[in-house]
Amino acid sequence: MNLTGLIAKIKEKAGGENGRFAGDLGFKAVTELCNALFGILTFAILSRLLSKSDYAVVNQTIAISSLIAPIILLKMNSAFCVFLAGEKDQEIVKSRFFSVLLVSLPFCALVLAVMWIFGDRFSELMFSTPEYGNITPLMALYFVLLSLSSLVQTFYQAINRQKKSNVFILLRVVLTTFGFAALSLIPGFFTLPFALLVYVIVEGIVFLFSFFSLIVDFHRIPLHLEFLPLEEYYRYALPLMPFAIMGWINSFIGRFILNHLMDLENSGIFSFDSALISRAFFINAVIVYTIFPYISKFWNEGNKSKVVSYLRKATNIGVFFALPLTFGIVAVAPTIVEILSGGNYPTDRLLLGLICFANLFLMLYTIYSFLIDLSRRTMLYNVIFLISSLINIGLNYLLIPIWGLYGAGAAMLISYIIQFFLTLFIGNLAAQLQISIDWPFMLRSLVCSLFMFLVCLLVYGEGGLLRCILTVIIGCIVYFSTSYAWARLTRRSLIWDN
């Protein structure tokens, strides 16, 4: 094949469905990698300059936003993807957004008022002390601004303009990093209230920028507010309210119980490790964020075979990268923790490993939870989360007094495993599909990751920055080469089969 033919074939592949999907994955991967790098810088500044207790408060403020934001929006973020995917009428698209926005504003005001009036009680409930009551108005303002900016970003995701949505996400993390870097240069100003103020200012800028972008993009489209058509949206979204609450419980109840059964310092250590792993597992956001609009479009077109195909692709891609990432983090953890925290936090490979595997099963759960979203039988979420949340709470109260931080990590991992298998089973029934796990592929990734881990431990030795860099490079070479060799021997694709 000559050069012209080769170029033509590449263009054909890139312009096809798989090419567009790979392109969206690639762009999101670059965005999330930048997001992770800037986020790690912010994370390092906070962990070095704040005490463990203050760091725990900041981290848990960010965590609880994942509970408050969906409540403010009445869980409308995911509803956009389900109901607007493939919508051609721009007037309907614009009407839905502004109608939902106006419905959300009274809830914004309610959150601000409640947290302003009952700040001390909120502080006592969350942190086991009323001393943080004076900063709850800042927390409330952050929750509201984050909710509104998330609504705009999810709207762009739903109408398949994911690149623009990713720009807003990247803007947030870049501004946050530069904000904290600037604050660290002012002697005496790096305190808990000023740290929260940075988050508030950044989120305000992101919301204004994204909202202005939306106004520019749709300024030629007439606006007709229609609230009655939202009835179908809310029939879908309202059953997700208990799901949002129980989902938060599964993700963050360990930190909440640590605050009360142990202290904020231990909670700060757990929060530090969780934040580190969540930044490293940026692959989760790449997969989940990219896949939902695609399968929503296929579902609305009645193409269930494509839904099955893309869910299996998403699973394989996620596991292919998440498993070696888990073992790699555990291998070089001492150097990573030392660099990021400046020695302020201890290195605990077992705890980090538990949290890594919990994040892996969280990713798998999220991928297959879309089956319930697509079938619009959202009440089923409450069955899944009621079971996993009760197990999670019980395990935390049982294991934390015995194993401390390990108990919190083990409870999180077990609850996510249960949550994933329940979701896979119930999701298949709800969507009337039969999606099975590609177990041979899982075995290959696990074996190659374990082999990479053993090699990494030998190379890493007693640690150090140079040894860490060398270990990462060799680990990547070992994993990809062994995976490729196994794929060739079994005559399968490296990640997914077309």
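Angles under 35 degrees between two axes count as roughly parallel. Keep that cut-off in mind for the first stop; the model you are looking at is predicted.

Select residues 304-341, which form helix α14, and residues 439-460, which form helix α18. Their axes come within 9 Å and cross at roughly 20 degrees. Helices α14 and α18 are therefore roughly parallel to each other, because an angle under 35 degrees falls in that class. The crossing of α14 and α18 is right-handed. Colour the residues in this contact by class: 18 are nonpolar, six are polar and one is charged.

Next, select residues 465-490, helix α19, and pick out Ser 483 within that helix. Is Ser 483 buried or exposed? Ser 483 has a relative accessible area of 1%, so this residue is buried, the limit for buried being under 20%. Now show the side chain of Ser 483 and the backbone of Tyr 479: the side chain reaches the backbone oxygen of Tyr 479 at 2.8 Å. Which residues is Ser 483 in contact with, leaving aside its neighbours within four places in sequence? Select Phe 320, Arg 444, Cys 448 and Leu 494 to see them.

For the last stop, go to helix α5, residues 90-117, and select Ala 113 there. Ala 113 counts as partly exposed, with a relative accessibility of 35%.

Key: Residues numbered from 1 in each chain as written. Predicted model: local features only at pLDDT ≥ 70, side-chain atom pairs only at ≥ 80, totals over all residues. Heavy atoms only, no water. Helix = DSSP H or I, 4+ residues; strand = E, 2+ residues; numbered from the N terminus. Buried < 20%, exposed > 50% of the residue type's maximum accessible area, 1.4 Å probe, protein only. Polar contact = N/O pair within 3.5 Å; in protein donor to acceptor, adjacent residues only side chain to side chain. Contact = heavy atoms within 4.5 Å. Axes fitted to C-alpha atoms, helices over the stretch in contact; angles between N-to-C directions. Parallel < 35°, antiparallel > 145°, perpendicular 65-115°, else oblique. Left-handed = near helix turned anticlockwise from the far one by under 90°. Nonpolar A, V, L, I, M, F, W, Y, C, P; charged D, E, K, R; others polar.
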